[in-house]
Each structure stands twice: as structure tokens, then as C-alpha cells.
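Please walk through this structure one residue and one element at a time. The report below starts from a single side chain and widens to the whole chain.

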Amino acid sequence: MAEEKELRYEPAPIEEKWQQRWAADPKLYAADEAACDEPAAKPKYYVLEMLPYPSGQLHMGHVRNYSIGDALARHMWMRGYNVLHPMGWDAFGLPAENAALKNNTPPRQWTLANIAAMKRQMMRLGLGYDWATEVTTCLPEYYRWNQWFFLRMYEKGLVYRKKSKVNWCPECATVLANEQVVNGCCWRHEDTVVEQRALEQWFLRTTAYAQELLDGLDKLEGWPEKVRTMQRNWIGRSEGTEVDFIFERSAKEIREQKDGVTTLEGDRERVRIRVFTTRVDTIFGATSVQLAPEHPLVKALADTDSGLRMQVDQLMEEQKRARETGDVAAIEKHGVPTGHFAINPYNGERVPVWVANYVLMDYGTGAIMSVPGHDERDFEFAKKYAIPVRRVIAPADSSAEESPLPFTSEDGVLINSGEFSGLSCTEAQKRLQEVAERGAFGNATVTYRLKDWGVSRQRYWGTPIPMIHCERDGLVAVPDDQLPVMLPEQIEITQQGGSPLARVPEFVNVRCPRCGGPALRETDTMDTFVDSSWYFYRYTDAKNAAAPFDSAQARYWFPIDQYIGGVEHAILHLIYSRFWTKVMRDLGLIANDEPARRLFTQGMVIKDGAKMSKSRGNVVSPDDMVARYGADATRMYALFAAPPDRDLDWQEDGVAGVSRFLGRVYRLVARHAPAARASRGETAQKPEGLSLKLERKLHQTVAKITLDFEGRWHFNTCVAAIMELVNEMQAADAELASGAVAAPILHELLRTLVLLLAPFAPYLAAELWEMLGEEGAVLRAPWPASDPELAKEDELEVPVQINGKLVAVVRVAADADGRQIELAARSDEKVVARVAGKNVAKVIVVPGKLVNLVVK
RNA sequence: GCGGAAGUGGUGAAAUGGCAAACACACUAGCCUUAGGAGCUAGCGCCCACAAGGCUUGCGGGUUCAAGUCCCGCCUUCCGCACCA
């Protein structure tokens, strides 16, 4: 039959046709500028997917991420919202420099070519982005605002410089990112051990917002609990006490020996060792003080004690090696006695001062009091070195008197603690803090694990830090009117040491903006997380040449209504962006406290039970899928195969199945479109019979999908629901062909089916929309409403159980009351047979659900 | 070690405490012919030759008229954090 051939579904020509039409209509996915003035009539909706790194190839994780976001955006367009749905490129970063080394292609050229390739892939997938707002972070139009923000933070005291450790590969003679350190060695030179070098680095004072970042999490109800917990742990607030132990030697003595200036705190007569503890209630059990190997006092002592020096170097070496292999908790505790003593300010007890490899300089004060009786780690250490273990807390329930040490619970009572004996742990903590404050040897304090953000990178392909080093004036900020500090384009990337920028004299040698004398430009560039910390604000006003964005635009669009991306960004990107938002708010640029109201983290795409990776050889290319099955089938499969928050197992047979389904939809609509078209304008009569049956299914499907878009997001079951609807319509195909359903109803059935399909399979929906003779974009057609009257069944099947076991199913009217349902159940012959001769003790009737007879 | 998530057919999965396995994939049988990566029909958790019937949501308890779902204890897998004082 000739017409059969015409009905064959071939995605390629359809998708090509619509891709061209959409490309010719740049306003299609643009936000409605006029809507800003009438927020009540047309509310805004900002849906955002995390921007990709332009590697040159989309992977399936991207396809999944963008299919979710695009379905949501399309749905919201159809719901009549003013939608902002942008896309951009996280375009700075190391791979561009590596590619430059490998292929001798300049990073900019390599990056822009990758962007072009990926943009093509996105367009081929039919993703509805407003390309007029595209943001590319490696272009000066964007990164100049990174510099501008850096200067604003510098003015507010949120930027500072300090010496800090970096990973250094002696072979590459350059700095490595943490991810480039593999088992303590360089990723490119697997036999070369990475060193820790101390360099002057730039820092952003994220800790200034630690408390607000923590408190804000409670209000982020639209964020996954998992992400909020991860951030809480990362910020790591802990309340405790700082206490000064008095070192037995004076600063003067140490200074004399050292023949120089010490950096010790409290440069008075006595040297104080400040320790941080969360368990000041155990302080009468402190039997030693432990210092981190990098502690300034250790340095001072080691300067005059070469034996100590050697041993401390050894400890640092151990810490370093452990940090490199990532197995910090597993290293054996190891320490060195300094031979000196310190005095516990509460009881005057003289305890030895040690240096230990398990004490960290960058947490708390870099010194601890060691209480082996009530701390696991101190206990392990004390056992090894025969340091006394003393019990100072008795368990609250006295029967457990013999509880073994270390006893770490706070549910206890102080003993052997002088005047504080008898107090509970919590009471004692309060009292001891008061005493310390009165005696000026300590105070209650809060410590965070969160550290300031080191943003310096000794790299080429990043935002130049806008600072100048002048011999006369010291550090001088680049004035705003000299921004952007341009990244030089003609540059040779080599494997030589240090930042490539340092070898470009035209870049480095400048005049001091203050005194006009010769000066050197900073050659560090910024961490790429800076770029992604505020890019979503730029989308609201991407072309602005006078400011990062217009505040009114940002106020209109923010916060982001729905942010979608992978969990792997749960901490770094999402903390940095929250930090940046708070800084921008304090600069008066925006009104929101948080960047995104709701966050969704989608699951990974896996294949054969493992994450897709080149080394496993289980990578599926999106291009391949699109070429074989079309963009619609590829995207729809990504939504159908699993709920969006779970991992998705990629099975090509499944994509083929979705493609076959789309073919059935295509043929179904194509077969009946002529009849349906003919009815346009006619009003439908009240449906009955087959018409009612199909209408009912249709309205149930609309209700289900609408509800899911409102929050549950089980798009896999949405697709399944559409399949059920199509199956039911197809089963009635012959009757439809013979006119059993009136044309206006047939028209509504097909038209609504296409609307339901539009968020998931936009190409096919557009094609069928046109086939049905509809005008304009499906995207602008209103989302269908479900009529509850039509969706309602008039008869229900009610299962009947006896003692919880299914025995029969009876049909009753949908509005039957409990009595009627029970009657129907009890007159069923199977039920009668089972109940005969027994006593019905209880009858549970849940109208519309089931009947359960409790029989004895 | 701490924190979190998940364990359901051959596979991906579904199920406001109320008929477990919807919807697909794979498979089996049949039909069709333009022999296609096509279409259509039927079957498809396990046991029992069929039927009748029985069993079944990682394991063990509990709550309930009723548990995949709630509670307690275990096991396994995955993810995050990990000497944070």
C-alpha cells in the first residue's frame, strides 16, 4: 500500500526541518521583556542547568541534565510563565593549556572551537535556550567583571594574601591542582612525587560569611537534604573553648636564644600556648599539651635545638605523605617530647609539651590539650608513649562505674576535678568558661572547618588577578578604568616552571597606577570556580558593558526558581556561589540572600553497572544516538529510563523502544489528522461510549503529568502515562477510522496528546501540531487543563480481602457508599463460600479502595 | 569510624499504608510483506504437567484489619566526609 510508506516515522528529516525553523526565529526561546512590568499577570520563572566545561563533546550526563531542564522550561512556557532559560560555557581551565601543549593550538582557539561544536550538538538536540544571553567566561567581556568583583572585595577587606602550601611537580616545574595529584605523584609523571611548596597566594575571606552560609541552609527548603548536610559538614561549625596553658619559659628567654624576633602570641613575660577544645570539662584530665609540627613555638624551639628540628621535620614529612596519599586518618600517631612543660591554668599542674603528627596547624589554634581518659586519639597516643591516663568523668548512670577508658560520652559527671567535681559535663563547660574569662586565660569560642578560598592559580588560561606590585607603593589595585586586564593572546605554552604569564614581558612590566614608576603585574590567575560563582546573574543582562549586570534585571529574575545539575557540585560550586551572592547583596547589587530557591541534583548515567568512562570503554556518544534514533527518542529515553534523581542505566534497546513508540504516535496522529482537521471550529457534544472512555483516559493523563511537573518530577511515569494513553487510542484505531468518535472530540484527543508530548519530544510535537493544522508554536499553546468531571470513573473495581488476603474483585458504582460496597462484597460467591459457617468479626470498608473482612 | 541513599521479575522500573510488578526492554509463539534496526496479535515473577491452589519486594523481628511502604535489629552495594580536638 502506497500510503503506508508515507506514514513511516523518520526522525531525521522532521528534526532537521524544525531545527532550521527554530534557528530562524531567535525570539522563540527569549524571555518576554514587557512582562517585567506586569509580574502578576505573567509571573517569571528562571530555570537553569549548570553550564558545561567546553570539552568539545557533550556526554550523556549533559543530555540527561538538559533534557530535564528543557522539559521543565517548555512546560512553564506552556503554563504562561515568562521563562528565562539560558546556557553558557565554563570556558577557562587547564585542559585548554594541555591541548595547547599537545596540538600546538592556542587555548582560546581550541576553546571557541569546542564551544561551537557543543552548541551545534545542543541545537541538534532541540534544547530551547535563548542564545542571545549566552555567556562565555573566557572572553574579556565576562572576565573583566571577575576582576571588578575582585577589586570590590579587596576594598571591603575580603581579599588578602598569605603564604600557603601548593602542590608542586618538580618535573613539570609547576603547580598542580589537587585533582592532578594521583597517589601523591604527578598525573603526568607517575614516578615523580609531588612536593608541597609555600607560595604567596590570594585568598577570598569566605570565612567572614561562615555563620550566614550555615544559617542559610535551614531556609533552603527546596534543596536536597543531602546537599544541605554536606554543606553543613563542610562548614563544620563547632563550639568550644580556648584556654591558655602557660609555657614554663618566658618569651624573653626564647628570644635571647633565638637572637631574633619571635612571632609568638602574647609577647609578654610568659609565653602562652593557646589550645582549642570542645571538652573543657575534661581539662583536669589533661596530661600533656600537643603542638602541631608547624606551630610557631615549635619553630622557635627547634631553631635552637637541632635534635628537635630533625624529629619535627620527620613528623611533617609523615603528615605530608599521609595528606598526599589521602589516608590521613590511618597514619600511625607519632610524637616528640620538647623537653619543656606548660601549666594548666585551672589547677597549676605542670604537664609535658609534645609535638605530634596528628595535630593540624590549620584547625583551631594548632595546639591541643591531650586528655587520654576521654578522647580516642589522645588515648591511643598516651598508650604508645606511656603518658598517664586519668579519669575525670564518671558515667551519668552510676552502675556503669567501671566503664572502660577512654570514656568519650558527654553524659557524665565530673570527678577528680577540684571544685568542679560533681557538676554535669554541660554545666561544667559553662562554669569553666566563666572562670577562664574572669581570669583572662581563655574564652568560649566558635571554630569553623571552612577555610578561606585560595583563588590563586599559577596558570595561563584564567582571569588575570588585577593587582600590581610596585617597589615604592607595594600592592596597588588596578583602577577600574583600566579593566579588563587582558590575557595576552600570543603566548607560548611550555612545560617550563611557573606561570606562563610571568614570561611575557609586555604583560608583566607596567607603570604603577599610583606613582607612575616601574612595577610588576601580578601573574597569578583566578580559580575557575570564580567564573561559575556568579555567571547566572550575567544571563539576566549578558551584553552589559558598563556593569556586571543591571540590578533591576537581577532583582526581577532572582532567585533562580529551579537549578539543576549533578551532585558533584554540592559543595564547592554551590558554596562559592552562595558566598558570592551574599557579597553582591552587601555591595547593594541584588536583593536576594541565596542564588537558587530550588535545587535538583540528577543521578549519574551509567552503563553496564559502571560510570561511563573512556578507560572502561563504555561511553555512549549522544551524536550516535541522535543519528540512529533521533533527538526526541534520545531525550525521551533519558527521562523514561529512571526517575531523574536516580542513576540511569543506559540501554540502547530502550532508546530503540522509545523511538518505536514515537513512530506509533506519529502514525496514529497522521492517520486521523485529516478527519480531526475537518472538525476545527465545531463544538463537541457530550462524550459517551468510546469517546467517553478515551476522554476519561486523556483527562486522567493530563492530571497526572501536570501534578508531576509541580514537584514530584517522576518524568519516567509521565512518559509511561502517555504510552498508556496512546496504547488505548491505538487499540480503538479501527473504530476511530470508522468515525465512532465525533470529529471534534477526535480533534481534542489528538491535539491534547500533542500538547502533552511537547515538553518531552519537541520536534515530533511541532510536526504533529502543524499536521493538525494548528497555528503558531506548540510552545506558546496553553497547557491543557484536566476536567475532573471527565477524569472521574463511574464504576470501580474494588478488591475484597478476607483476613488481608485477596479473594475477589467486585465492580461497584464510583459513588457507592460503604454499605453498598460491603453488600456487593458479601454477596460475591467466592466470598460467600469462604465466610460460610464462620464469624465475621469486623468489616473494613475503604470506599474506592477495598473491603477487608476479618473472619474467625 | 561518622553521615546519607539504595536493595522489587531475565533487564530498566511502577505502586497517597489498601489488588505487588503499571510502562518499557529482552524473550517465546503466531500473523503480515515494502524483508525493516519495520508493523500487528498473544504470552511472559516463582512453584505445581494444566487447572485449582500456593509462594514472592535483601535477612530477622514488630506495629496494623492491612506493610515494598511505618518502627527496631542485621546484611550488601553505592556516595560523601574522615586524626577537625
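Buried means under 20% relative accessible area, exposed means over 50%, and partly exposed is in between, with a 1.4 Å probe and protein chains only. Arg-578 sits in helix α17. Helices are DSSP runs of H or I with at least four residues, strands are runs of E with at least two, and both are numbered from the N terminus.

This is a predicted model, in which local features need pLDDT of at least 70, side-chain atom pairs count only at pLDDT 80 or more, and totals for chains, interfaces and linings use all residues. Residues are numbered from 1 along each chain as its sequence is written, chains are lettered from A and ligands numbered from 1 in the order in which they are written, and side-chain values use heavy atoms, with hydrogens and water left out.

**Around Arg-578**

What does Arg-578 touch, leaving aside its neighbours within four places in sequence? Its contacts are Glu-212, Leu-213, Gly-216, Leu-217, Leu-220, Trp-223, Gln-231, Glu-594 and Pro-595. Contact means heavy atoms within 4.5 Å.

Gln-231 belongs to helix α8, and Arg-578 is among the α17 residues that α8 meets. On the α8 side the residues are Val-227, Gln-231, Trp-234 and Ile-235. On the α17 side, Leu-572, Leu-574 and Ile-575 join Arg-578.

Two packed helices are described by the angle between their axes and the distance between the axes. Helix α8 covers residues 225–235 and helix α17 covers residues 572–586. Their axes come within 10 Å and cross at roughly 75 degrees. Therefore α8 is roughly perpendicular to α17. Axes are lines fitted to C-alpha atoms, for helices over the stretch in contact, and angles run from 0 to 180 degrees between N-to-C directions. Roughly perpendicular covers 65 to 115 degrees; under 35 is roughly parallel, over 145 roughly antiparallel, and the rest oblique.

Val-843 lies in strand β33, residues 840–846. Is Val-843 buried or partly exposed? Val-843 is partly exposed, at a relative accessible area of 26%. Beyond its neighbours within four places in sequence, it contacts Glu-822, Arg-826, Val-851, Asn-852 and Leu-853. Val-843 and Arg-578 are 265 residues apart along the chain, and their C-alpha atoms are separated by 56 Å.

Leu-639 lies in helix α19, residues 631–640. Leu-639 is buried, with 3% relative accessibility. Not counting residues up to four places away in sequence, Leu-639 touches Ser-67, Ile-68, Ala-71, Phe-715, Asn-716 and Phe-760.

Ile-387 is in the loop between α12 (376–385) and β16 (393–395). It is also buried, at 9% relative accessibility. Its contacts, leaving aside neighbours within four places in sequence, are Thr-287, Ser-288, Gln-290, Trp-354, Phe-381 and Ala-382. Ile-387 and Pro-505 are 118 residues apart in sequence and 59 Å apart in space, C-alpha to C-alpha.

**Backbone details**

Most residues other than glycine have a negative phi, and most peptide bonds are trans. The table lists exceptions.

| Item | Value |
|---|---|
| Leu-483 to Pro-484, cis | omega near -5 degrees |
| Phe-558 to Pro-559, cis | omega near 0 degrees |
| Ala-440, positive phi | phi near 55 degrees |
| Asn-803, positive phi | phi about 50 degrees |

Where do they sit? Pro-484 is in the loop between β22 (474–477) and α14 (505–508). Pro-559 is in the loop between α16 (551–557) and β26 (562–566). Ala-440 is in the loop between α13 (425–438) and β18 (442–447), and is exposed, at 53% relative accessible area. Asn-803 is in the loop between β31 (795–802) and β32 (805–813), and is partly exposed, at 45% relative accessibility.

**The whole chain**

Chain A has 28 helices and 34 strands. Its C-alpha atoms fill a box of roughly 110 × 85 × 55 Å along the principal axes. Of its 856 residues, 53% are buried. Among contacts between residues at least 6 apart in sequence, 73% join residues at least 24 apart.
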